[in-house]
Amino acid sequence: MEGVSYERFPKVKIREMKDDYLKFELRETDASMANALRRVMLAEVPTIAIDLVEIEVNSSVLNDEFIAHRLGLIPLTSDRAMAMRFSRDCDACDGDGQCEYCSVEFHLRARCVTDQTLDVTSKDLISSDPSVVPVDLSDSSGYDASEQRGIIIVKLRRGQELRLRAIARKGIGKDHAKWSPAATVTFMYEPDILINEDLMEALTLEEKKNWIESSPTKVFDIDPNTQQVVVVDPEAYTYDDEVIKKAEAMGKPGLVDIYAKEDSFIFTIESTGAIKASQLVINAIEVLKQKLDAVHLSEDTLEADDQFGDLGGHLRGG
């Protein structure tokens with residue numbers, strides 16, 4: 001419709017932030033923008049992961065391919081990933097993917113010389129770049145002592161040995177899951193819950209309790225002072241409609257109205273540790289801006305073609 005503007009100015013409010021966890025509100029935008037941000041965080045924010053493994057010696061019980069796959073899934077600190085080059089676009093090594101601008105080299109040498117089983121972990125990987133190393137799980141809370149030794153790659157018995165060289169490169173989750181910086185990225189519509197107080201007053205205390213218990217999550221409760229039903233945690237609502245169905249079964253349709261705010265979203269993000277959860281959002285916004293700039297450039301090119309016809313294509317080498 002002419003004269004109507006669809007321009008939005010999204011606002012972000014941080015609720016909880018840790019190195020590997022972030023919860024925030026995204027307001028004054030629509031679902032297309034929220035889902036675009038989610039998809040970019042999962043699949044298009046670049047990180048660094050092991051992409052090439054050269055096995056020198058492997059006398060362990062695992063074959064070479066199995067070990068190479070396990071190495072690729074180890075999260076590496078990727079703070080400099082945005083500034084690195086993709087190996088396919090690197091002119092310093094002609095796309096070979098083994099230069100300082102587009103790759104990081106790792107070495108691993110382990111040999112068991114005792115009767116006790118030797119655990120070879122991610123901490124045994126020696127990096128050529130101190131800024132790109134396996135993620136240290138001991139910095140995160142919630143891990144037990146066994147996991148603080150690093151991610152186990154293989155176990156060796158007496159006389160068994162593993163020697164290898166690995167190349168880590170920049171990539172995105174769209175190419176392979178090992179490059180995804182996010183463990184989970186979810187968002188939900190913020191619910192707006194309105195209780196019909198007049199209908200609620202007509203219920204007995206027992207009926208109120210039965211109605212509250214019909215919700216599988218703790219959304220409602222009874223105020224001990226007023227004996228009124230109150231909303232204690234609206235975000236615990238899972239849009240299951242159980243309380244609405246219960247109200248109808250009790251002969252009280254319209255007891256509660258629950259709407260999803262179409263311009264308000266609650267995001268929950270868990271990072272793999274490759275980059276901080278907060279940095280993941282910032283990088284995703286930067287990638288999204290680059291994609292939008294590419295769309296604008298494409299529109300300008302099409303407009304030039306309309307204006308200049310064959311001349312526009314000829315100037316671009318067409």
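**Entry 1: a strand pair**

I began with Met-17 and looked for its bridge partner in strand 2, which is Leu-22. I note here that the model is predicted. Next I looked up how strand 1 pairs with strand 2, residues 21–27. The pairing is antiparallel and runs over 6 bridges.

I found 4 strands in an open sheet, in the order 1-2-12-9. The pairing is antiparallel. Which strands sit at the edges? I found strand 1 (11–17) and strand 9 (182–195), and each pairs on one side only.

**Entry 2: Glu-161**

I moved on to Glu-161. I placed this residue in strand 8, which covers residues 161–171. Is Glu-161 buried or exposed? Its relative accessibility is 15%, so I count Glu-161 as buried, because buried means under 20%.

I checked its side chain for polar contacts. One joins the side chains of Glu-161 and Arg-111 at 3.1 Å. Another joins the side chains of Glu-161 and Arg-163 at 2.6 Å.

Last, I listed what Glu-161 touches, leaving out residues up to four places away in sequence. I wrote down Val-57, Asn-58, Ser-59, Ser-60, Ala-110, Arg-111 and Leu-156. Arg-111 is in this list, and its side chain also has the polar contact of 3.1 Å with Glu-161.

Conventions
Residues are numbered from 1 along each chain as its sequence is written. This is a predicted model: local features need pLDDT of at least 70, side-chain atom pairs count only at pLDDT 80 or more; totals for chains, interfaces and linings use all residues. Side-chain values use heavy atoms; hydrogens and water are left out. Helices (H or I, at least four residues) and strands (E, at least two) are DSSP runs, numbered from the N terminus. Buried means under 20% relative accessible area, exposed over 50%, partly exposed in between (1.4 Å probe, protein chains only). A polar contact is a pair of N or O atoms within 3.5 Å; within protein, one must be able to donate a hydrogen and the other to accept it, and residues adjacent in sequence count only if both atoms are side-chain atoms. Contact means heavy atoms within 4.5 Å. Two strands pair if DSSP finds at least two bridges between them.
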